[in-house]
Amino acid sequence: MAGVAENLKQIKTQIDPVARAAGRKPDDIHLLGASKFQEEPALLQALDAGLRLFGENRVQEAAQKWPALRQKFPDIELHMIGHLQSNKAAEALAVFDVIETLDREKLADALAAEIKKTEKSPRFFIQVNIGEEDQKGGILPQNADAFIAYCRKLGLKIEGLMCIPPADDPPAPHFALLADIARRNDLKQLSMGMSGDFETAIKFGATHIRIGTALFGPRPTS
Ligand SMILES: *Cc1c(COP(=O)(O)O)cnc(C)c1O
């Protein structure tokens, strides 16, 4: 965990040339710290280094870790990047600014119903199961257009798409497919790319890269 600031600097020096080569501004690539299992000392290192965008995988873990830090750093933006159960919709909306893992009608219905009861105006990414893996969340690529339309009709503010390609595949074709689905649905944001493949993701249009290990080092196990 020593060296989060250095790791951040290193990642940014990697983002820069790839973004420029793709004709994009490095500042348009948002680096999200994937902070599951990371505890306050590591989070504070990232915050002190200037990072404000974080992703968590579990509602309860996020609810324990982040409210106190938000008092100190009001401009934190927190994204939900893990599987979300529909019975946790209200809790998730209380903690997160953006939910990136919207992937089925039941969850969309639950979120829309909860939002009606609040003043909140949360933003969403739709997760696409880009490699059509049984064990992964996400809407199947062939159902994505209809699901995006469904969510929009509910009034959910859909900003982009998110994916996690299969671990053993070259990621490029998966990133290209996600970018295609976004383009034809007029969605501008793409959350794709992790420690091992963020440079490829940027080439294919990632606007948000989710970095855990390369930023914090190996994850503590819970
Ligand atoms: C853990 C996690 C990441 C970060 O993975 P690293 O390979 O450690 O960078 C990104 N996205 C999601 C959804 C994750 O769960």
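**Legends to the close-up views**

**Ala 206 in its loop.** Ala 206 sits in the loop that runs between helix H8 (198–203) and strand S8 (208–211); helices (H or I, at least four residues) and strands (E, at least two) are DSSP runs, numbered from the N terminus. The model shown in this and the other views is predicted, so local features need pLDDT of at least 70 and side-chain atom pairs count only at pLDDT 80 or more, while totals for chains, interfaces and linings use all residues. Residues are numbered from 1 along each chain as its sequence is written, and side-chain values use heavy atoms, with hydrogens and water left out. Ala 206 has a relative accessibility of 0% and therefore counts as buried; buried means under 20% relative accessible area, exposed over 50%, and partly exposed in between (1.4 Å probe, protein chains only). Setting aside neighbours within four places in sequence, Ala 206 is in contact with Arg 24, Ile 29, Leu 190, Met 192 and Ala 201, where contact means heavy atoms within 4.5 Å. From C-alpha to C-alpha, Ala 206 and His 30 are 8.7 Å apart in space, although 176 residues apart in sequence.

**The buried residues of helix H2.** Helix H2 spans residues 40–48, and its Ala 42, Leu 43, Ala 46 and Leu 47 are buried. These residues lie on the same side of H2, because they cover an arc of only 140° around the axis; the arc is that of the directions from the helix axis to the C-beta atoms. An α-helix has 3.6 residues a turn, so residues three or four places apart point the same way. Among the elements that cover the buried residues of H2 are helix H1 (4–21), strand S2 (53–56), helix H3 (59–72) and helix H9 (213–216).

**Helix H2 against helix H3.** The two helices pack at an angle of about 35°, and the axes of H2 and H3 are 12 Å apart; axes are lines fitted to C-alpha atoms, for helices over the stretch in contact, and angles run from 0 to 180 degrees between N-to-C directions. The crossing of H2 and H3 is right-handed (a crossing is left-handed if the near helix is turned anticlockwise from the far one by less than a right angle, and right-handed if clockwise). Glu 40, Leu 43, Leu 44 and Leu 47 of H2 make the contact with Lys 65, Trp 66, Leu 69 and Lys 72 of H3. The residues of this contact of H2 with H3 comprise 5 nonpolar, no polar and 3 charged; Ala, Val, Leu, Ile, Met, Phe, Trp, Tyr, Cys and Pro count as nonpolar, Asp, Glu, Lys and Arg as charged, and the others, Gly among them, as polar.

**Leu 51, between H2 and S2.** Leu 51 is in the loop between H2 and S2. With 7% relative accessibility, Leu 51 counts as buried. Apart from neighbours within four places in sequence, Leu 51 is in contact with Leu 8, Leu 31, Gly 33, Ala 46 and Leu 215. Leu 51 and Gly 33 are 18 residues apart in sequence, and their C-alpha atoms are 7.7 Å apart in space.

**Two residues with positive phi.** Phe 37 is in the loop between strand S1 (30–34) and H2. The phi of Phe 37 is near 70°, a positive value in a residue other than glycine. Phe 37 counts as partly exposed, at 22% relative accessibility. Glu 132 is in the loop between S5 and H6. The phi of Glu 132 is near 50°, a positive value in a residue other than glycine. Glu 132 counts as partly exposed, at 46% relative accessibility.

**Thr 101 in strand S4.** Thr 101 belongs to strand S4 and is buried, at a relative accessible area of 1%. Leaving out neighbours within four places in sequence, the residues in contact with Thr 101 are Met 80, Ile 81, Gly 82, Leu 84, Leu 107, Phe 125, Gln 127 and Met 162. Thr 101 and Met 162 are 61 residues apart along the chain, and their C-alpha atoms are separated by 7.3 Å.

**Helix H5 and what covers it.** Helix H5 (residues 105–116) has 12 residues and reaches 17 Å from its first C-alpha to its last, close to the expected 16 Å; the expected span of a helix is 1.5 Å times one less than its number of residues. Leu 107, Ala 108, Ala 110, Leu 111, Ala 112 and Ile 115 of H5 are buried. The cover over the buried residues of H5 includes helix H4 (89–95), strand S4 (98–102), strand S5 (123–127) and helix H6 (144–153).
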